[in-house]
Amino acid sequence: MKLNFNFKKAGRLKTTLFKSKVPEEGLKTTRQREEILRVFLSSVGHRNLAQIHAQVSKENPKIGYTTVYRTLKLLTRFGLAAERKFDDGETRYEPVSAETHHDHLICLECGRIAEFEDDALESLQNGIARRHGFKILHHRMELYGQCIQCAARKKTIRRKS
């Protein structure tokens, strides 16, 4: 079941949360941190630090790599960003949404990461946990393999050989 989600309202709520949490860390809410937050929350997918810095630099070239890194660490600590490390070992970040949960399909050849949601799979996992008297606090599913584009490319190469 898909939920009707207002991204603008969620962005404002996350900005408000961020502004209230930063002083609790003994830090100042700066324009640079707010710009990083805005760019990050409007991004889609799983971005590494260099990709996020490149996005931020397009809007404000004065924001340094270290500032982006430290802000991402804050966002992660505040629950606004999820830090993901897939099998390639590279750290990626994605905005967190309390309204949806998704899992990942990761292509081992090209590195493409596809997100998917499956209510039947979630229901099955919850049923298994119930049968074992287990309370799930969170989980992560990552399926590794070959995407359709890489599989098609391999078939084309085999035919040419």
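Me: What share of the 161 residues of the protein counts as buried?

Reply: Of the 161 residues, 30% count as buried, a word that means under 20% relative accessible area, whereas exposed means over 50% and partly exposed covers what lies in between (1.4 Å probe, protein chains only). The model is a predicted one, in which local features need pLDDT of at least 70 and side-chain atom pairs count only at pLDDT 80 or more, while totals for chains, interfaces and linings use all residues. Residues are numbered from 1 along each chain as its sequence is written, and side-chain values use heavy atoms, with hydrogens and water left out.

Me: Why is H46 called buried?

Reply: The relative accessible area of H46 is 8%, so the residue falls on the buried side of the cut-off. H46 sits in the loop between α2 (31–41) and β1 (47–48), where helices (H or I, at least four residues) and strands (E, at least two) are DSSP runs numbered from the N terminus.

Me: What makes the pairing of H46 with E94 a polar contact?

Reply: A polar contact is a pair of N or O atoms within 3.5 Å; within protein, one must be able to donate a hydrogen and the other to accept it, and residues adjacent in sequence count only if both atoms are side-chain atoms. The side chains of H46 and E94 lie 3.2 Å apart in such a contact, and the side chain of H46 makes another with the side chain of H104, at 2.8 Å, so both values meet the distance limit.

Me: Which residues is H46 in contact with, leaving aside its neighbours within four places in sequence?

Reply: Taking contact as heavy atoms within 4.5 Å, the partners of H46 include R84, E94, H104 and E115. H104 stands opposite E115 in β5, and E94 of β3 has A82 opposite.

Me: How many bridges join β2 to β3?

Reply: Strand β2 (residues 81–85) is joined to strand β3 (residues 91–95) by 5 bridges, and these strands run antiparallel. Their hairpin has 5 residues between the strands, and G89 takes a positive phi near 85°. Another open sheet, with antiparallel pairing, holds 3 strands in the order β1-β3-β2. Because β1 and β2 stand at its edges with a single partner strand each, one side of each is left without a neighbour.

Me: Where in the protein is confidence lowest, and where is it highest?

Reply: Confidence is lowest in helix α1 (residues 7–21), at a mean of 66, and highest in helix α3 (residues 49–59), at 95, on the pLDDT scale, which gives the predictor's confidence in each residue from 0 to 100. The protein averages 84, and 88% of the residues score at least 70. Over residues 1–9, pLDDT stays under 50. Where pLDDT is low, the predicted coordinates should not be read in detail.

Terms used. Two strands pair if DSSP finds at least two bridges between them.
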